[in-house]
Amino acid sequence: MALSPNQADLPRYLLVEQEKIEAVGRRYGLDFFPVVFQMLSYDQMNEIAAYGGFPNRYPHWRFGMEYERLSKSYEYGLSKIYEMVINNNPSYAYLLEGNSLTDQKLVMCHVLGHVDFFKNNFSFRSTDLDAGEPITDPVRRRGSDYDPNRRWIDKMANHGAAVRRIVDRYGIGRVEQFIDTCLSLENLVDPWSRFVRRRREEKVEEEPTAVEVPRLKSKDYMEEFINPEEYIEEQRKKIEEARDKKKGRHPASREQDVLLFLIENAPLERWERAILSIVRDEAYYFAPQMETKVMNEGWASYWHSKLMTSEVCDWSDIVDYAENNAGVMVTSGGRLNPYKLGVELFRSIEERWNRGQFGPEWEDCNDLDQKKHWDLRLGLGQQKIFEVRALYNDVTFIDEFLTEDFALEHKLFSFGWSNRNERFEIDSREFKTVKERLLGQLTNFGNPFIYVEDSNFENRGELLLLHDHRGVDLRSDYANETLTALERIWRRPVNLSTLADGKKVFLKYDGKEHSSRAEAP
Amino acid sequence: MSLKIDQDHSRFRGIVRGKIRQNLRRYISQGELIGRKGKDLVSIPIPQIDIPRFVYGDKQRGGVGQGKGDVGDAVGGQEADGDDGQGQAGQDAGSHVLEVDVTLDELADILGEELELPAIENKGKNRIVAAKDRYTGIRRVGPDSLKHFKRTYKEALRRSVASGVYNPKDPIIVPQHDDRRFRSWKEDVEPVANAVIIYMMDVSGSMGDEQKEIVRIESFWIDTWLRRQYQGLESRYIIHDAVAREVDRDTFFKTRESGGTMISSAYKLCSQLINQHYPSTEWNIYPFHFSDGDNWSMDDTLSCIELLKQDILTRVNMFAYGQVESPYGSGQFVKDLREHFAEDERVVTSEIRDRDAIVSSIKEFLGKGK
């Protein structure tokens, strides 16, 4: 399917709506990339959705799997995709042919919210192709002429072309198998590396220099009390020990970006390195979307609701709109709906900042009645939510704005597996527990923390990964399969240090068999 | 469908073909499947291949949900962070098996597709046609009994909002004449093909619970498939040990008798049923017999064969014999049948060792398109 970057195939009456909606959006302060809407039939929609929104990606069976899932769900009448928008400049968004005009307007409003979010949320700055590495100050205000290169649609297509060339040379079977291997490791990235300079240029030390122990500032006559000699000596030893330990170690410190480490250090053939790099690039492209799912959907829903109900809907639309909106916002079966959670949080922020319900006076007030009628008429709500949409991600958003009142009002609970009844059960409605669980789920995209610890483990060129255990074990059969994939890339035995049932274990795959043992030898 | 996704899809199917047999087999073998049937819906899995990664184990994980319920209550969905198709394109971690509800018709089609079952050749009794109404549309006129309440309400609501009568504080909606909407139907004319399945089962002491469960699952699938092929499908049930009697479906699967086995008694009764109720000029007839193959005597086996040859085979589409392996049975009967009917296409035999063999057995029974 050829996608042309012009809007010629969008019917005139929709172009008129788009213009109108964008004008209203701008008036409300939304600031978005140009949006290109395309009208698709449902099977085109399913195809593009299967490719993650891009018309052109590298060949892989999992896109076919996703396509089958989407088209079967559609055929069986379970679900259909209303809209899709990709983070690109200009942003591409797709409308489903045959939807009613009300639906199309709703989708356009929703998309506008997403595109504003893509442009303004700091997370997405890391998808600027012209940013240079890495963005250490994503908060810095950009000028009004901010027009970054986010031609990801081209980049993905280039990835596709590159992989196809490799396929022509080595055959689809071999290449696809290698892609499978890479995808097994796809989640081993470092979400924060996009904003931090992780590696500092270390000075190559020819000769060991004397260790300088930092001292606390003190007046001369106080020196021996503030920086006692024994303490300084102790610190010196510690630093020296740490330095000795580090010596000859590779990597010098733990690396969470396992993919990058492998690209730089594993004995890969050229084409393999090219593919692994593509998989890594794309993983980082999708990272901001996973990192801001609640906010992004909440923001888009906030705006579709605002735009639709204030200016875009006419009388004939409003009932259909309300019905559809209710369908999107529904929370049933105890599920947490990210659309609903996000939009309600934004609304709660808006209301609190309008009424001045923040700051120490508010926090310290224990009079329920006074709190209930607390209204300083500050009218800061709009300003605040625009600020929040720029500077937060899901973790910080929920950490800061999900209050106890909110949790109570929206009946949040945490659940866990009950061994006794063999089912998932509500285990708490306690605010602290619920919030911790929710934040835990979002941290590191819900992935375990895995680091490269040592590339010369036991001095045998084996790779050692470390799982930073935070209360939940790894799924063991998957962990073993993943080690198999890792060994395929490292070409030497690979080890993983983790905890299982509270005990330390080393999982190992040496190319022939899996083993696990309690202690490192 | 464009070339690109077509290629990716066909490779996926290729991977699944190697895999799906087991997937489907495992799923069919699970007795719970029938138990899940409610309102003619069953859950079917869509094959998903999961790429293994370092992930958290499921059970320790838990999550956060929203809604009513006390501590200790079960949570509705399995996982609260379910992803929906809507919204931004992202990378959603695929769930292992997506369960969807489909109608039995669709289930039969899926079964047919997976097992490559041929459509059944009707015995050429297409003369009779019947009209069947399907409610598919909406119109503005109709009898009150077909009033579509929700659509009518929506029209009324729409009108009252548009005309400014609607008051959110007092949201009373009064439908007027023009608001009314009715269900409308379309007439489908279909050839009537009558079909009857006559299930016979050996309930002698040697048939245990597991054997009967296998019969139950297998007959569910046979039912489903044949029902897809014929609009008016009837089922009759005969149980037998040394004597045979007709029972209802429930009794059929639950009865356990002791005593000997005279298969001929069942065949006699089957033949009688056909004589009395199902003239072969109008009916497609499918006798299915399940037993552990341990007949009382060679004499009785011979009279069975005689009955089949003389009375039954001339009037049926096919005769199916499924032998369930049991620790007590000798399994002789299937050998005798095969010896006598080696040349006869109308007799289909199948040995079902265990639950996992059900799928291949269904294929043996229904694979000929009779």
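User: In the hairpin of S8(A) and S9(A), which residue takes a positive phi?

Analyst: This is a predicted model, and the answer should be read as such. Strands S8 (residues 494-500) and S9 (residues 503-509) of chain A run antiparallel and are joined by seven bridges, with A:Val494 standing opposite A:Tyr509. Two residues lie between the strands of this hairpin, and the positive phi, near 50°, belongs to A:Asp501.

User: Which residue in the turn between S9(A) and S10(A) has a positive phi?

Analyst: S9(A) also pairs in the antiparallel sense with strand S10 (residues 514-517) of chain A, over four bridges, and A:Leu507 stands opposite A:Ser516 in that pairing. The hairpin formed by S9(A) and S10(A) has four residues between the strands, and the residue in the turn with a positive phi, of about 100°, is A:Gly511.

User: Is B:Tyr153 partly exposed or buried, and why?

Analyst: B:Tyr153 lies in helix H4 (residues 149-162) of chain B, and, leaving aside residues up to four places away in sequence, touches B:Ile173 and B:Pro175. A residue is buried at 20 or more C-beta neighbours within 10 Å and exposed at 12 or fewer. Because B:Tyr153 has 15 such neighbours inside 10 Å, B:Tyr153 counts as partly exposed.

User: What distance separates the centres of domain 2 and domain 3 of chain B?

Analyst: The domain assignment of chain B places domain 2 at 129-189 and domain 3 at 193-366. Taken over C-alpha atoms, the centres of these two domains of chain B are separated by 50 Å.

Methods:
Residues numbered from 1 in each chain as written. Chains lettered and ligands numbered in written order. Predicted model: local features only at pLDDT ≥ 70, side-chain atom pairs only at ≥ 80, totals over all residues. Contact = placed C-beta atoms within 7 Å. Domains from an automatic or database assignment. Pairing = 2+ DSSP bridges.
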